[in-house]
Amino acid sequence: PRRPLAPSPEVSPNTALSVQIAGHPGSLRKTGNCILKDLTQTEVKALRRLHADPLGAFAPRFMGTLELDGKEFIQMQDLLAGMAQPCVMDIKMGIRTFDEKEVSSTAPRMDLLEKALQLRASFPDKVRLSPEQLANGIRKVDYLSLRDELSTTTSLGLRIEGILLGTGKVVVPKAADRRVVKDSLREYVLAASPDQRRQMLQRLRSLRH
């Protein structure tokens, strides 16, 4: 069994994460060698199962939950602790990036219409909005489905949300096709040293077997 990490005694939910290339801004906090994330029971269950599985060796260590000032957090290992120029890639996996609870409301929303219009500006040939949607707004389930379809989520079962290279360069793939994903992965891997690339390959082989 892996030795658990001890959380830092100086725990504060107000220390923003210095490196976050995707996700909701402010949703992750840092304290010592831990990352604090807003708690959801679904994620806690998934992390506990992963931690008990052999695949847990390839994931940040789950360190339980924590309550601070009446708010609950998930505690996870900070994989970037001690790194001066980390290279980070955020990949969202799955053929759908939302669950039923997120789309329980069927009311159309004007704020989601604004986001859909931004998508249409980037993909004018692929985004079709009805006159009713343009007048009254768009349902959350329709917006999230549209967002997934415009990315490689539906076609490849994953999408790259963003990449941070050691130089400080941030790469955010926009086009939704296999070629862009391959080019982005290549840029990330080539930014590593030969020794780091060998370590990546060893880890990937271990994961495969």
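Which residues does Tyr143 touch, not counting residues up to four places away in sequence? With contact taken as heavy atoms within 4.5 Å, Tyr143 touches Leu112, Lys115, Ala116, Leu119 and Ile138. The model examined here is predicted, so local features need pLDDT of at least 70 and side-chain atom pairs count only at pLDDT 80 or more, while totals for chains, interfaces and linings use all residues. Residues are numbered from 1 along each chain as its sequence is written, and side-chain values use heavy atoms, with hydrogens and water left out.

A nonpolar core is defined as a set of buried Ala, Val, Leu, Ile, Met, Phe, Trp, Tyr and Cys residues joined through side-chain atoms within 4.5 Å. Here buried means under 20% relative accessible area, exposed means over 50%, and partly exposed lies in between (1.4 Å probe, protein chains only). The largest such core has 14 residues, and those with the most contacts inside it are Val127, Ile138 and Tyr143. Two or more residues of this core come from each of helix 2 (110-122) and helix 4 (140-150). Helices (H or I, at least four residues) and strands (E, at least two) are DSSP runs numbered from the N terminus. In soluble globular proteins, nonpolar side chains tend to be buried together.

The C-alpha atoms of Gly94 and Thr153 are separated by 6.5 Å, although the two residues are 59 residues apart along the chain. Leaving aside residues up to four places away in sequence, Gly94 touches Thr153, Gly157 and Leu158. Gly94 counts as partly exposed because its relative accessible area is 26%.

Charged pairs come next. Side chains of opposite charge can pair when their charged atoms come close. With a salt bridge defined as a side-chain nitrogen of Lys or Arg within 4 Å of a carboxyl oxygen of Asp or Glu, the count comes to 11 salt bridges. One of them joins the side chains of Asp78 and Lys30, at 2.5 Å from N to O. This pair links distant parts of the chain, 48 residues apart: Asp78 sits in the loop between strand 4 (71-77) and strand 5 (88-93), and Lys30 in strand 1 (residues 28-31). Asp78 counts as buried because its relative accessibility is 9%, whereas Lys30, at 24%, counts as partly exposed.

Another salt bridge brings together Lys37 and Glu43, at 2.9 Å from N to O. Lys37 is partly exposed at 26% relative accessible area, and Glu43 is partly exposed at 22%. Arg139 pairs with Asp142, the closest N and O atoms being 2.9 Å apart.

Leu55, Phe58, Leu204 and Leu207 make a nonpolar patch of about 360 Å². Patches are made of residues with over 30% relative accessible area and no salt bridge, with like charges joined within 9 Å and nonpolar side chains (Val, Leu, Ile, Met, Phe, Trp, Tyr) within 5 Å. Accessible areas come from the Shrake-Rupley method with a 1.4 Å probe, and for residues only the protein chains shown count as cover. Leu55 lies in the loop between helix 1 (41-51) and strand 3 (62-68), and Leu55 counts as partly exposed because its relative accessibility is 44%.
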